[in-house]
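Come along while I look things up, entry by entry.

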Amino acid sequence: MSFTAQTLSGDKPEQYAQLAAQARALLSGETDRIANAANLAALLYHSLPDFNWAGFYFFDGRELVVGPFQGLPACVRIPLDKGVCGAAARTRQTQRVEDVEAFPGHIACDAASRSELVIPLVKGDALVGVLDLDSPRVARFDADDQQGMENIARIFVESLE
Ligand code: SME
């Protein structure tokens, strides 16, 4: 298979609809979570502006462990009571943080990160992990980004067996 990145066009919801179609095509017929997470991290990181990190943490039954990502090397393990990722995993609610410096307990893996969007990945009743997106720009993520990324996260979870 060869993949050609398509330029996204239109307003944000339109761009996310195009991105979702690309994600579905990329994951189609594959259930391996490492393969799908790796390709999805690459797709997200290279399709959208102002990201310094895009990737996955998986829940190992105790804490979050870093999975496939694009960006600088990151913290390997995050307890559920720590950081933005831990909060998303613990509450199973998306965390959209406009300024990470104002978030108590934020873990600075990359000092460049200024805003963050973390979406919990839940299959059935089971916590799979989180999708974590970091930006060097304050307030990079708005409600359209949240909705668009929650849809992408759903496509990932549905691809798993
Ligand atoms: N900032 C995150 C940690 C993960 S990295 O940014 C890749 C947090 O506070 O949970």
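Before sorting anything, I note my classes: Ala, Val, Leu, Ile, Met, Phe, Trp, Tyr, Cys and Pro count as nonpolar, Asp, Glu, Lys and Arg as charged, and the others, Gly among them, as polar. I also remind myself that this is a predicted model.

**Entry: the shell around the ligand**

I sorted the shell by class and got 8 nonpolar, 2 polar and 3 charged residues. Of the 13 residues around the ligand, the nearest are Val 84, Cys 85, Ile 107, Glu 116 and Asp 134. Next I asked which elements supply at least two shell residues each. They are strand E1 (53–59), helix H3 (83–91) and strand E6 (126–135). H3 gives the largest share, with 3 residues.

**Entry: backbone contacts**

I then looked at polar backbone atoms. At Val 84, one such atom is 3.0 Å from an oxygen atom of the ligand. At Cys 85, a polar backbone atom is 2.8 Å from a ligand oxygen. For Ile 107, I found a backbone N or O atom 2.7 Å from a nitrogen atom of the ligand. How much of the ligand's accessible area does the protein cover? I wrote down 99% of the 310 Å² that the ligand has on its own. The space the ligand takes is the largest cavity.

**Entry: the disulfide**

My search of the whole structure turned up 1 disulfide. Cys 75 and Cys 109 form it, with sulfur atoms 2.1 Å apart. The link is left-handed, at -115 degrees about the S-S bond. Cys 75 sits in the loop between strand E2 (64–71) and strand E3 (77–78), and Cys 109 in the loop between strand E4 (95–97) and strand E5 (115–123), so the pair ties together parts 34 residues apart in sequence.

Methods. Residues are numbered from 1 along each chain as its sequence is written. This is a predicted model: local features need pLDDT of at least 70, side-chain atom pairs count only at pLDDT 80 or more; totals for chains, interfaces and linings use all residues. Side-chain values use heavy atoms; hydrogens and water are left out. A residue is near a molecule or strand if one of its heavy atoms lies within 4 Å of it. A polar contact is a pair of N or O atoms within 3.5 Å; within protein, one must be able to donate a hydrogen and the other to accept it, and residues adjacent in sequence count only if both atoms are side-chain atoms. Accessible areas come from the Shrake-Rupley method with a 1.4 Å probe; for residues, only the protein chains shown count as cover. On a 1 Å grid over the protein atoms alone, a cavity is a set of points where a 1.4 Å probe fits but cannot get out, and a pocket is an open set with protein on both sides within 12 Å along at least five of seven lines; lining residues have an atom within 4 Å of a point. A molecule sits in a cavity or pocket if more than half of its atoms lie within 2 Å of its grid points. Helices (H or I, at least four residues) and strands (E, at least two) are DSSP runs, numbered from the N terminus. A disulfide is a pair of cysteine sulfur atoms within 2.5 Å.
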